[in-house]
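Here are my notes on the model you sent over. Please read them with the structure open.

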Amino acid sequence: MNSSTSSNLLEQRLASLEQRVATLEGNTHVETQSDSRYWLVEALEEGPGIPDGSVIFGGDVTIGNREYKYQWQRPTQFVTDESWEENIKRLTAIAHPTRAEILRRLLCAPASASDLVQERLASSTGTAYHHLNELSSAGWIAKSKSGTFEIRPTRVIPLMTIITATEAH
(Lines give C-alpha, C1' and ligand atoms only; values in the text may rest on other atoms or scores of the structure.)
Protein backbone atom coordinates (compact mmCIF):
# COMPACT_ATOMS: atom_id res chain seq x y z
CA MET A 1 0.00 0.00 0.00
CA ASN A 2 1.55 3.31 -1.03
CA SER A 3 1.52 6.39 1.21
CA SER A 4 -1.20 8.11 -0.85
CA THR A 5 -3.56 5.13 -0.49
CA SER A 6 -2.73 4.86 3.21
CA SER A 7 -3.41 8.59 3.67
CA ASN A 8 -6.77 8.35 1.85
CA LEU A 9 -7.78 5.35 3.96
CA LEU A 10 -6.85 7.23 7.14
CA GLU A 11 -8.87 10.28 6.01
CA GLN A 12 -11.89 8.10 5.29
CA ARG A 13 -11.64 6.38 8.68
CA LEU A 14 -11.30 9.72 10.46
CA ALA A 15 -14.29 11.17 8.60
CA SER A 16 -16.33 8.10 9.52
CA LEU A 17 -15.39 8.43 13.19
CA GLU A 18 -16.22 12.15 13.20
CA GLN A 19 -19.61 11.40 11.70
CA ARG A 20 -20.33 8.70 14.28
CA VAL A 21 -19.38 11.00 17.16
CA ALA A 22 -21.53 13.78 15.70
CA THR A 23 -24.46 11.40 15.43
CA LEU A 24 -24.02 10.33 19.05
CA GLU A 25 -23.85 13.98 20.14
CA GLY A 26 -26.94 14.90 18.16
CA ASN A 27 -25.33 16.70 15.20
CA THR A 28 -26.62 15.22 12.00
CA HIS A 29 -23.91 16.61 9.76
CA VAL A 30 -20.25 17.32 10.29
CA GLU A 31 -18.24 19.18 7.68
CA THR A 32 -15.17 17.05 7.01
CA GLN A 33 -12.41 17.18 4.49
CA SER A 34 -14.11 14.32 2.62
CA ASP A 35 -17.35 16.32 2.45
CA SER A 36 -15.66 19.32 0.90
CA ARG A 37 -13.59 17.30 -1.56
CA TYR A 38 -16.45 15.30 -3.09
CA TRP A 39 -14.46 12.08 -2.76
CA LEU A 40 -17.15 9.97 -4.47
CA VAL A 41 -17.26 12.27 -7.48
CA GLU A 42 -13.48 12.12 -7.67
CA ALA A 43 -13.58 8.32 -7.54
CA LEU A 44 -16.07 8.28 -10.42
CA GLU A 45 -13.80 10.56 -12.46
CA GLU A 46 -10.84 8.26 -11.80
CA GLY A 47 -12.84 5.12 -12.72
CA PRO A 48 -13.43 3.59 -16.14
CA GLY A 49 -15.01 6.82 -17.33
CA ILE A 50 -18.54 7.28 -18.57
CA PRO A 51 -18.66 10.05 -21.20
CA ASP A 52 -21.72 11.90 -19.85
CA GLY A 53 -21.11 11.00 -16.20
CA SER A 54 -23.20 8.85 -13.95
CA VAL A 55 -25.22 8.66 -10.76
CA ILE A 56 -24.14 6.22 -8.07
CA PHE A 57 -25.38 5.35 -4.61
CA GLY A 58 -24.55 2.70 -2.12
CA GLY A 59 -24.19 1.88 1.48
CA ASP A 60 -22.86 -0.45 4.12
CA VAL A 61 -25.17 -0.58 7.15
CA THR A 62 -25.85 -2.86 10.06
CA ILE A 63 -29.35 -2.85 11.48
CA GLY A 64 -29.75 -5.11 14.47
CA ASN A 65 -27.92 -8.29 13.55
CA ARG A 66 -28.35 -7.85 9.79
CA GLU A 67 -25.74 -6.33 7.52
CA TYR A 68 -26.48 -4.81 4.13
CA LYS A 69 -23.96 -3.82 1.48
CA TYR A 70 -25.18 -2.47 -1.81
CA GLN A 71 -24.27 -0.11 -4.62
CA TRP A 72 -25.94 0.91 -7.86
CA GLN A 73 -24.78 3.05 -10.74
CA ARG A 74 -26.46 4.36 -13.85
CA PRO A 75 -25.01 6.49 -16.66
CA THR A 76 -26.59 9.92 -17.04
CA GLN A 77 -28.09 8.97 -20.41
CA PHE A 78 -29.91 6.00 -18.88
CA VAL A 79 -31.59 8.28 -16.32
CA THR A 80 -32.50 10.99 -18.84
CA ASP A 81 -33.57 8.77 -21.74
CA GLU A 82 -35.34 5.78 -20.16
CA SER A 83 -38.96 5.81 -18.97
CA TRP A 84 -39.51 6.59 -15.29
CA GLU A 85 -42.91 4.86 -15.16
CA GLU A 86 -41.79 1.88 -13.04
CA ASN A 87 -39.66 4.11 -10.83
CA ILE A 88 -42.60 6.40 -10.12
CA LYS A 89 -44.78 3.41 -9.21
CA ARG A 90 -42.18 2.32 -6.66
CA LEU A 91 -41.95 5.86 -5.26
CA THR A 92 -45.71 6.18 -5.07
CA ALA A 93 -45.89 3.01 -3.00
CA ILE A 94 -43.62 4.44 -0.30
CA ALA A 95 -45.03 7.98 -0.41
CA HIS A 96 -48.05 7.04 1.73
CA PRO A 97 -47.53 7.95 5.43
CA THR A 98 -48.75 4.57 6.75
CA ARG A 99 -46.57 2.64 4.32
CA ALA A 100 -43.58 4.82 5.21
CA GLU A 101 -44.06 3.99 8.89
CA ILE A 102 -44.42 0.30 8.05
CA LEU A 103 -41.15 0.40 6.10
CA ARG A 104 -39.40 2.22 8.94
CA ARG A 105 -40.66 -0.50 11.31
CA LEU A 106 -39.57 -3.28 8.94
CA LEU A 107 -36.05 -1.86 8.84
CA CYS A 108 -35.75 -2.98 12.46
CA ALA A 109 -37.16 -6.50 12.07
CA PRO A 110 -39.68 -8.53 10.10
CA ALA A 111 -43.31 -8.23 11.21
CA SER A 112 -46.68 -9.77 10.54
CA ALA A 113 -49.86 -7.87 9.74
CA SER A 114 -51.09 -8.50 13.29
CA ASP A 115 -47.79 -7.12 14.68
CA LEU A 116 -48.42 -3.91 12.76
CA VAL A 117 -51.92 -3.65 14.24
CA GLN A 118 -50.65 -4.36 17.77
CA GLU A 119 -48.01 -1.65 17.31
CA ARG A 120 -50.72 0.74 16.03
CA LEU A 121 -49.15 1.21 12.62
CA ALA A 122 -52.36 -0.03 11.02
CA SER A 123 -55.93 0.16 12.30
CA SER A 124 -56.87 -3.41 11.30
CA THR A 125 -55.33 -6.49 9.74
CA GLY A 126 -57.25 -5.68 6.55
CA THR A 127 -55.65 -2.24 6.43
CA ALA A 128 -52.25 -3.73 7.23
CA TYR A 129 -52.57 -6.26 4.40
CA HIS A 130 -53.68 -3.53 1.99
CA HIS A 131 -50.49 -1.54 2.66
CA LEU A 132 -48.29 -4.65 2.75
CA ASN A 133 -49.70 -5.75 -0.61
CA GLU A 134 -48.98 -2.32 -2.12
CA LEU A 135 -45.38 -2.45 -0.86
CA SER A 136 -45.00 -6.02 -2.05
CA SER A 137 -46.41 -5.27 -5.52
CA ALA A 138 -43.94 -2.42 -5.87
CA GLY A 139 -41.06 -4.74 -4.96
CA TRP A 140 -40.12 -3.19 -1.60
CA ILE A 141 -41.01 -6.09 0.68
CA ALA A 142 -41.47 -9.85 0.58
CA LYS A 143 -43.24 -12.37 2.74
CA SER A 144 -40.93 -14.85 4.42
CA LYS A 145 -41.57 -18.56 4.90
CA SER A 146 -42.53 -17.83 8.51
CA GLY A 147 -45.33 -15.54 7.33
CA THR A 148 -43.74 -12.25 8.34
CA PHE A 149 -42.94 -9.43 5.98
CA GLU A 150 -39.51 -7.92 5.54
CA ILE A 151 -37.82 -5.40 3.32
CA ARG A 152 -36.08 -7.15 0.44
CA PRO A 153 -32.32 -7.00 1.13
CA THR A 154 -31.65 -5.30 -2.23
CA ARG A 155 -34.13 -2.56 -1.28
CA VAL A 156 -32.72 -1.57 2.15
CA ILE A 157 -29.94 0.72 0.88
CA PRO A 158 -32.08 2.22 -1.93
CA LEU A 159 -34.83 3.01 0.61
CA MET A 160 -32.36 4.62 2.99
CA THR A 161 -30.85 6.53 0.06
CA ILE A 162 -34.24 7.92 -0.95
CA ILE A 163 -34.97 9.03 2.59
CA THR A 164 -31.58 10.70 3.04
CA ALA A 165 -31.79 12.29 -0.43
CA THR A 166 -34.94 14.11 0.63
CA GLU A 167 -33.19 15.87 3.52
CA ALA A 168 -32.81 19.62 3.22
CA HIS A 169 -29.42 20.22 1.60
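Predicted model: local features only at pLDDT ≥ 70, side-chain atom pairs only at ≥ 80, totals over all residues.

1. The chain contains 9 helices and 4 strands. Read from the N terminus, the order of elements is α-α-α-β-β-α-α-α-α-α-β-β-α.

2. Burial and contacts. Of the 169 residues in the chain, 22% are buried. Among contacts with a separation of 6 or more, 44% join residues 24 or more positions apart.

3. Helix 8. This helix covers residues 125-137, which is 13 residues. From first C-alpha to last, helix 8 reaches 18 Å, close to the 18 Å expected at 1.5 Å a residue. Which of its residues are buried? They are Ala 128, His 131, Leu 132 and Leu 135. Viewed down the axis of helix 8, these buried residues fall within an arc of 100°, so they line one face of the helix. The spacing is what one would look for, because an α-helix has 3.6 residues a turn and residues three or four places apart point the same way.

4. Surroundings of helix 8. After helix 8 comes Gly 139, which has a positive phi, near 90°.

5. Arg 120. The loop between helix 7 and helix 8 holds Arg 120. Its phi is near 65°, a positive value in a residue other than glycine. Most residues other than glycine have a negative phi, which is the reason for listing this one. Is Arg 120 buried or exposed? Arg 120 counts as exposed, because its relative accessibility is 76% and the cut-off for exposed is over 50%.

6. Helix 9. Helix 9 also has 13 residues, and it reaches 19 Å from its first C-alpha to its last, close to the 18 Å expected at 1.5 Å a residue. Its buried residues are Arg 155, Val 156, Ile 157, Pro 158 and Leu 159. The cover over these buried residues of helix 9 includes strand 1, strand 2, helix 5, helix 6 and strand 4.

7. The second largest pocket. Its volume is about 850 Å³. The lining consists of 22 residues, and Phe 57, Trp 72, Arg 74, Asn 87 and Arg 90 lie nearest the centre. By class, the lining has 13 nonpolar, 5 polar and 4 charged residues. Which elements each supply at least two residues of the lining? They are strand 1 (54-63), strand 2 (66-75), helix 4 (76-81), helix 5 (85-94) and helix 9 (153-165). Helix 9 gives the most, with 5 residues.

8. Val 79. This residue is found in helix 4, one of the elements that supply the pocket lining. At 31% relative accessibility, Val 79 counts as partly exposed. Leaving aside neighbours within four places in sequence, Val 79 is in contact with Arg 74 and Trp 84; Arg 74 is also one of the residues that lie nearest the centre of the second largest pocket. Val 79 and Val 55 are 24 residues apart in sequence, and their C-alpha atoms are 8.5 Å apart in space.

9. Leu 106. Helix 6 contains Leu 106. With a relative accessible area of 1%, Leu 106 is buried. Not counting residues up to four places away in sequence, Leu 106 touches Arg 66, Ala 111, Ile 141, Phe 149 and Ile 151. Leu 106 and Arg 152 are 46 residues apart in sequence and 10.0 Å apart in space, C-alpha to C-alpha.

Notes. Residues numbered from 1 in each chain as written. Heavy atoms only, no water. 1 Å grid on protein atoms, 1.4 Å probe; cavity = no way out; pocket = protein on both sides within 12 Å on 5 of 7 lines; lining within 4 Å. Points joined across faces, edges and corners; volume = space filled by probe spheres on them. Nonpolar A, V, L, I, M, F, W, Y, C, P; charged D, E, K, R; others polar. Expected span 1.5 Å × (residues − 1). Buried < 20%, exposed > 50% of the residue type's maximum accessible area, 1.4 Å probe, protein only. Arc of directions from axis to C-beta. Contact = heavy atoms within 4.5 Å.
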